[in-house]
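I opened the notebook with the model on screen and a list of things to look up. Here is what went into it, entry by entry.

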Amino acid sequence: MHLRVPRPRPRSLAGQLFAMQAVLIAVVVVGYALFTYLSDRGQAEEAAGRQARAVSLAIADSPSVAEAIRTPDPTDRLQPYAVRVMEDTDVDFVTIMDPEGIRWTHPDPKQIGHPFQGHIERSQRGQTFTETYTGTLGPSVRAVTPITDDGRIVGLVSAGIKVEEISKRAQEQLTALSGVAAGALLLGAVGTYVINARLRRHTHGMNADQLSRMHDYHQAALHAVREGLLMLDGQYRVALINDGGRELLGVHGDVVGASVADLGLPSQLTGALLASEQRVDEVHLAADRVLVVNTSPVSGGERRGTVVTLRDVTELQSLTGELDSERGFTQALRSQAHEAANRLHTVVSLIELGRAEEAVEFATAELELAQALTDQVVAAVSEPVLAALLLGKTAQANERGVELVVSQDSRLDDGLLPPSLPARDLVTILGNLVDNAVDAAQGAVPSRVTVAAYTESSGSRGSELVLRVSDTGAGVDPAHADLVFERGFSTKPAGEGGRGLGLALVRQAVRRHEGTLTVTEAEGGGARFEARLPLGDAGGRGAAPATAAGRPGAGGAV
C-alpha cells in the first residue's frame, strides 16, 4: 500500500510577499552592516595612522629629545619620556633609535639595544611615512620620522598602534551597528507583517495562481453573461460594466470612472442607480428598452459600492401588452356572446309567441348593425392588426360606457406600412393611447374617444403615419405636458402592478422609429395625443389626402 503524502498548500500571496520582503530587508540590513564595518575599519586604520604620525612628529620636534640624544646614554632620559608619551597619547609603542635603527627606547626594556624591526630607509633620507608592519608587538600601524639637530639626522622615532587595538575599536562600533541593524530588521519585519496581514484579509488568503485564475474566470463570466452587470464604487462611479450593460444602457466609450449622473440615462433610471437602499425587480425605461433593475449595496463594515443587474424585458413587455389586448378582446367577445344569447332568446320568444315577422325583423336589424359597424372600421383602417385592435378596444370601451369613434379622416390600406414598422410597435402605441383615453373619458359627459389613423406627406421626410387619439376627459395640465410621458407619472391612483408605464412605452416606441409624440388640448376639452412615425417613400402609396388633418371629423360609432 502506497502512502499518499499530502502536497503542501501553496503559500498565499500575502505570505509570499511577507517572505520576500523579510529576506529583502535582512539582505539590505546585513549588507549595510558589513559595508559599514569595512568602512569603519578602514577609517579606524587611517585615524590610527594619523595619530601615530602626529605623535612621532611631536616627539621629533621636542628639544628635550634632541638634548637627550647628545648625552652619552640617551636611554636614561628617553625611556621614561617615551613611556609618559605612550600613556598620554594612547599609542601602543614609542621607539626612539639612532640613525642606524638601534633602539634607545621600547615598551619592552629587553628590546632596547636591538635593531628596529621595520623599514627606516625613507626616514634616513629625511622623510616621514606610515606603514603596517609586524614587529615584536605584532601587526601595527606605525609612523617613522627623522630627528634632526642643526640640519643633521641624529635619530629616528617611531610611534604605532597595534592592529589588534584597531580591530577592537571597530568591533565596538560593529556591536553598536548590529544593535541598530537588529532594531531596523525587527521594525521592518513588524511593519511588513502588519501590511501583509491586511493584504491577506483583502485577498482572502489566496495565492497568486488562485488570484490569476479568479481574474480569468471573472473576465470570462463578465463577457459571457447576456444580462447587464454594472458595479459602482462608494461615490457612485462606474467601477465595472460588461458588454451587456453597455448595450442595454446605450452607453459607448470608456465610462469606467464616470459618475452615474453623467451617463445620460433617464432620470428615473438614474435615481434607481443612485439609491442607497436595495431595489428588487424594478421596471425602468432606457433609451429604447424596458429594463428590470436590481441593485444590491456592497458593504464590509462600510459602504463600498453597489452591484446592479439589468435584464431586457422589452420583448416580454410587448408580448404582455399584446396579451392584455387579446385578453380584453376575449372578454369583449364573451360579452358580445352574452348579448347575442340575449338577442337569440328574444328571437326565440317572439317565434314562440307566434310573432315570426317581428322576430325576423329584430334579428335582421341586429345583424345589419353589427356588420355595418365592422365594415366601417375595416373600410377606414384595413390594416389587419390595427383593425382587429380597434374592434377589440371598441367592445371594451362600450362595456365601460365609453363610445369609441373612428374619425372620417382615417384611411389606412392593407400593405401600406413598411416592414421597418412592425405590428407589435403599432399595437403598443395605439393600444396604450386608446386605453389611456378610455380611462380619461370614463364617467365624463359625453364619454367619447375619437381615433384617427392615416398617412400624409411630410416634405423632405417622405410620408408619415399619423395616429391621433382624442378623449372628452379632464385633459392634461400644460405643466404636465412633458411629465405625462415619464415612467411612473399618473394622475390616477395606482392599481395592481402600478401605473404610469403605458405612455412611457408609447414614447419609447415612437422614439425608436424616430417619430414625434405630442399632447394638446382637444376641441371641446379633453386631451389629444398624436404620434407621427416616418414611413419614407414606402408610406406614400395610397395615402389619403389630409384635408382634415388635425380635426377629428364626425365618424361612426363602432
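**Entry 1: salt bridges**

Which residues are linked in a network of salt bridges? I found Glu456, Glu464, Arg468, Glu530 and Arg532 linked in this way. My criterion for a salt bridge was a side-chain nitrogen of Lys or Arg within 4 Å of a carboxyl oxygen of Asp or Glu.

A note on the source before I go on: this is a predicted model, where local features need pLDDT of at least 70 and side-chain atom pairs count only at pLDDT 80 or more, while totals for chains, interfaces and linings use all residues. Residues are numbered from 1 along each chain as its sequence is written, and side-chain values use heavy atoms, with hydrogens and water left out.

Searching the whole structure gave me eight salt bridges. In one of them, arginine 532 pairs with glutamate 456, and the closest N and O atoms are 2.5 Å apart. This pair links distant parts of the chain, 76 residues apart: arginine 532 is in strand E14 (residues 527-536) and glutamate 456 in strand E11 (residues 448-457). I took helices (H or I, at least four residues) and strands (E, at least two) as DSSP runs, numbered from the N terminus. Both arginine 532 and glutamate 456 are buried; buried means under 20% relative accessible area, exposed over 50%, and partly exposed in between (1.4 Å probe, protein chains only).

Next I looked at aspartate 149, which forms a salt bridge with arginine 70 at 2.6 Å between the closest N and O atoms. Here 79 residues separate the partners, with aspartate 149 in strand E3 (residues 138-149) and arginine 70 in the loop between helix H2 (63-69) and helix H3 (74-89). Aspartate 149 is buried at 12% relative accessibility, whereas arginine 70 is exposed at 55%.

I also noted aspartate 233 with arginine 237, whose closest N and O atoms are 3.0 Å apart. Arginine 237 is partly exposed, at 36% relative accessibility.

**Entry 2: the whole protein**

I counted 13 helices and 15 strands. Of the 558 residues, 39% are buried. For contacts (heavy atoms within 4.5 Å), I looked at those with a separation of 6 or more, and 58% of them join residues 24 or more positions apart.

**Entry 3: the cavity**

How many cavities of 30 Å³ or more does the structure hold? I found one, and the volume of the largest cavity is about 100 Å³. On a 1 Å grid over the protein atoms alone, a cavity is a set of points where a 1.4 Å probe fits but cannot get out, and lining residues have an atom within 4 Å of a point. Grid points are joined across faces, edges and corners, and the volume is the space filled by probe spheres set on the points.

Among the lining residues are Phe93, Arg103, His106, Ser140 and Arg142. Strand E1 (93-97) and E3 each give two or more residues to this lining, and E3 gives the most, with three.

**Entry 4: two helices**

In helix H8 (residues 267-274), the buried residues are Leu269, Thr270, Ala272 and Leu273. They span an arc of only 160 degrees around the axis, so they sit on the same side of H8; the arc is that of the directions from the helix axis to the C-beta atoms.

Helix H13 (residues 502-512) has eight of its eleven residues buried, so it is largely enclosed by the rest of the structure. Among its buried residues I noted Leu503, Arg507 and Gln508.

**Entry 5: threonine 295**

Threonine 295 is in strand E8 (residues 290-299). It is buried, at 2% relative accessibility. Leaving aside neighbours within four places in sequence, its contacts include Ala272, Glu277 and Val307.

**Entry 6: backbone checks**

Most residues other than glycine have a negative phi, and most peptide bonds are trans. I therefore looked for exceptions.

- Valine 445 and proline 446 are joined by a cis peptide bond, with omega about -5 degrees.
- Proline 446 is in the loop between helix H12 (423-441) and E11.
- Aspartate 150 has a positive phi near 55 degrees, and is exposed at 76% relative accessible area.
- Glutamate 514 has a positive phi of about 60 degrees, and lies in the loop between H13 and strand E13 (516-521).

Definitions and conventions:
1 Å grid on protein atoms, 1.4 Å probe; cavity = no way out; pocket = protein on both sides within 12 Å on 5 of 7 lines; lining within 4 Å.
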